[in-house]
Amino acid sequence: MTTGERIRLYRRQKGMTLKEPGKKAGFQNSGDVRIAQYEGGARVPKAETLKKIADALGVSVDGLCCTVPECMKCRSFRMEQLQKYRKGGSS
């Protein structure tokens, strides 16, 4: 399951429209379009954006990361989090 599919899954479970998580995540304009692009796979959220979306949906970032082993975006995100942890930063 991809990150976008997980965003859609959790959004629908919460009964949210496309606009609601976009607004909660702080997207100024066209938040619904961005969420739709993430869900459809046209865009992949950066780590910081993924965190905002996870918070908006009330789930963990790991819950949104895809389970596809080849996904470089999620690998990159996890490496970034690991580096922050090792440096003593917050996640």
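1. Setting aside residues within four places in sequence, lysine 24 is in contact with Met16 and Ala56, where contact means heavy atoms within 4.5 Å. Lysine 24 belongs to helix 2, residues 19–24. Helices here are DSSP runs of H or I with at least four residues, strands are runs of E with at least two, and both are numbered from the N terminus. Lysine 24 counts as exposed because its relative accessibility is 60%; the classes are buried under 20% relative accessible area, exposed over 50% and partly exposed in between, with a 1.4 Å probe and protein chains only. Its C-alpha lies 8.2 Å from that of aspartate 55, a residue 31 places away in sequence.

2. A note on the basis of these values. This is a predicted model, in which local features need pLDDT of at least 70, side-chain atom pairs count only at pLDDT 80 or more, and totals for chains, interfaces and linings use all residues. Residues are numbered from 1 along each chain as its sequence is written, and side-chain values use heavy atoms, with hydrogens and water left out.

3. The protein chain has six helices and zero strands. Of its 91 residues, 36% count as buried. Among contacts between residues at least 6 apart in sequence, 53% join residues at least 24 apart.

4. The largest nonpolar core has 16 residues, and Ile7, Ile53, Leu57 and Leu64 touch the most other members. Such a core is a set of buried Ala, Val, Leu, Ile, Met, Phe, Trp, Tyr and Cys residues joined through side-chain atoms within 4.5 Å. Helix 1 (3–13), helix 3 (31–40), helix 4 (47–57) and helix 5 (61–64) each supply at least two residues. Helix 4 gives the most, with five residues.

5. Helix 4 deserves a separate look. Its buried residues include Ile53, Ala54, Ala56 and Leu57. Leucine 57 touches Ile7, Tyr10, Arg11, Lys14, Met16, Pro21 and Leu64, not counting residues up to four places away in sequence. After the helix comes glycine 58, with a positive phi near 70 degrees.

6. There are four salt bridges, each defined as a side-chain nitrogen of Lys or Arg within 4 Å of a carboxyl oxygen of Asp or Glu. One of them joins glutamate 39 and arginine 11 at 2.6 Å, N to O. Glutamate 39 is in helix 3 and arginine 11 in helix 1, so this pair ties together parts that are 28 residues apart in sequence. Both partners are buried: glutamate 39 has a relative accessible area of 5%, and arginine 11 has 8%. Arginine 11 is also in contact with residues including Met16, Thr17, Leu18 and Pro21.

7. Glutamate 48 is exposed at 60% relative accessibility, whereas lysine 52 is partly exposed at 37%. Lysine 51 is partly exposed at 32%, and aspartate 55 is partly exposed at 48%. Elsewhere, salt bridges that share partners join Arg8, Arg11 and Glu39 into one network.
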